[in-house]
Amino acid sequence: MELILEAKDAEDWIYKGEGAVNLVLSYTGTSPNFIGKVLRVQKVKRNGSEYEKAPPALSKHECLVWKETRDLLSASTKDIGNHIYAQQVMCPLLGSQHIDAGVRVQVTREFLESIHNGVLFQRPSWRAEDARINTQCDSAILMSDHSIFPHVSVKGGVDEEELCIAVEIKPKCGFLPISRFVREENAAKKRISRFKLHQILKFHQRKISQISEYDPLDMFSASKGRVLKSVKDLFLTPQNNFRVFLNGSLVFGSLGGGADDTDTRIAEAFEDTLKDVIEGDEEGMRTPNFLQLVTEALSESGVMDRLLQVQKLDVLDIEGAIHAYYDVVSQPCVVCRELGEANRYEPIHSLPIDQRVKIVRDYLISSTAKDLSLIISFRPTGRGNPASPYDVVFLESINRSFEYKASFIDLDMKPVERMAYYYKLDQEIVGCYNRMMETVNRPGKSRVEPVENTSSA
């Protein structure tokens, strides 16, 4: 039976969170079709931009880039294209066991308008000012709520006695570029992670009030000690990169916005929240034990290794890939003209067109992998249930086992035309760092050496 959501159904959906492109709703009703699910609806910029004004189907250049994925070429809207992209491009790379691309359901304009009005004051103000729900869409994506373990009771509702705690992490880029096309003046990119460099720019722009100690190189290091450090750093400065849900409800982090740091009040409240999940533990140790639990799952699941391999499809860095991009879109290379170093990039410009297309395609796939989120959900269990489809991790400090599942979300296709923006942002990020170092190390000031993570990821 085809599912259609109408105005009368809007009251059963509540705000769960949002990103730059989509808003996510949780289901609170009793229909078995929707229990344990979330609904992802598209947003549209209030002021519009060249990307939002683009044709709804894939552009001519996107059709060239994604020609090997035939179903993408027939996508009538970006939303349908993103659904196909998650299913047919990202799922084989990251593993079907870690991805639920969801199913499309029909929605009426009245349903979307009711949702827009209902969630408006629950959204972070800067998100609401930037974009609204796109009421012109006729469909949305229904997918599993990865922050819970779906279990429907005989009465048709969710089993309230089953505890589930879930953490949502944005790992970001976990490797340093080694491309020979990274210019000498941008060599900091080869020593310091992109996330750390971007933090400096965001702090300079006053987008954040505190620079995070989190370094993705730690999380992707395969060293349990460094992974634990990265999880602790995310907890102390969550920004928009670390959230925790208890039975599907947010208990740590912010909805759609960013929480710069974890003060004593927030830490104490979270410690109290964990009392039913981390049982039999002394006061003050529940949070460290939970962070250890997350570390164990990250280390044992293998998801970070798989994610890193997809990220590393970016072989040339944006400083190399941008040259292939201008050839693919049949434009004179702006970067070669600005730098006056056409000979240096001739090896890229002289490649067969299929290879230049592949460079662009791989870079865009890598960009999705660098920007996605990972949700790991836990529920207390015995020493192991042979019939369970889930993996088990043992937390030695409290002598307790937990079933867990790891899922990737936010797998949208990146627009080909956005590569020019990626290059501009990259240069802005490294330029800000270079200017900072010039300022602090100018004659008459004590020399400041940057803190770098020189261990390989």
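In the predicted model, L39 stands opposite L142 in strand β7. The strand that carries this pairing to β7 is β4 (residues 37-45), and the two run antiparallel, joined by four bridges. Strand β7 also pairs with β5 (residues 103-107), again in the antiparallel sense and over four bridges. In that pairing, Q106 is placed opposite S139 of β7. Strand β7 spans residues 139-144, and five of its six residues are buried, so the strand is largely enclosed by the rest of the structure.

The protein chain as a whole contains 16 helices and 13 strands. Of its 457 residues, 52% are buried. The accessible surface of the chain amounts to about 21700 Å², of which carbon and sulfur atoms supply 50%. When contacts between residues at least 6 apart in sequence are considered, 67% of them join residues at least 24 apart.

A further sheet is formed by six strands. This sheet is open, with the strand order β10-β9-β8-β11-β13-β12 and antiparallel pairing. Its edges are β10 (249-252) and β12 (391-395), each of which pairs on one side only. From one strand to the next, the twist averages 35 degrees. Within the sheet, strand β8 (residues 165-169) and strand β9 (residues 242-246) run antiparallel and are joined by five bridges. I165 has L246 of β9 as its bridge partner. Helix α10 (residues 286-301) lies across β8, β9, β11 (373-381), β12 and β13 (400-409), and its direction makes an angle of about 140 degrees with β12.

N247 is located in the loop between β9 and β10. Its phi is about 50 degrees, although N247 is not a glycine. With a relative accessible area of 35%, N247 is partly exposed. D410 is located in the loop between β13 and α16. D410, likewise not a glycine, has a positive phi of about 60 degrees. D410 counts as partly exposed, at 37% relative accessibility.

Two helix pairs were examined for their packing. Two packed helices are described by the angle between their axes and the distance between the axes. For helix α3 (residues 78-94) and helix α15 (residues 353-371), the axes come within 12 Å and cross at roughly 80 degrees. Helix α3 is therefore roughly perpendicular to α15. The residues that meet are Y85, V89, M90 and L93 in α3 and L364, I365 and T368 in α15. By class, six residues of this contact are nonpolar and one is polar, with no charged residues.

For helix α6 (residues 194-204) and helix α16 (residues 419-440), the axes come within 9 Å and cross at roughly 75 degrees. Helix α6 contributes R194, L197, H198, I200, L201 and H204 to the contact, and helix α16 contributes L425, D426, E428, I429, C432, Y433 and M436. The contact of α6 with α16 comprises eight nonpolar, two polar and three charged residues.

Helix α15 also includes A369. A369 is buried, its relative accessible area being 1%. Not counting residues up to four places away in sequence, A369 touches L307, V310 and Q311. The C-alpha atom of A369 is separated by 10.0 Å from that of I409, a residue 40 positions away along the chain.

Q311, one of the residues touched by A369, belongs to helix α11 (residues 303-311). Q311 counts as buried because its relative accessibility is 0%. Apart from its neighbours within four places in sequence, Q311 is in contact with K172, C173, G174, F175, F220, S366, A369 and K370.

Technical notes. Residues numbered from 1 in each chain as written. Predicted model: local features only at pLDDT ≥ 70, side-chain atom pairs only at ≥ 80, totals over all residues. Heavy atoms only, no water. Pairing = 2+ DSSP bridges. Axes fitted to C-alpha atoms, helices over the stretch in contact; angles between N-to-C directions. Contact = heavy atoms within 4.5 Å. Parallel < 35°, antiparallel > 145°, perpendicular 65-115°, else oblique. Nonpolar A, V, L, I, M, F, W, Y, C, P; charged D, E, K, R; others polar. Buried < 20%, exposed > 50% of the residue type's maximum accessible area, 1.4 Å probe, protein only. Areas by Shrake-Rupley, 256 points an atom, 1.4 Å probe, with all protein chains shown as cover.
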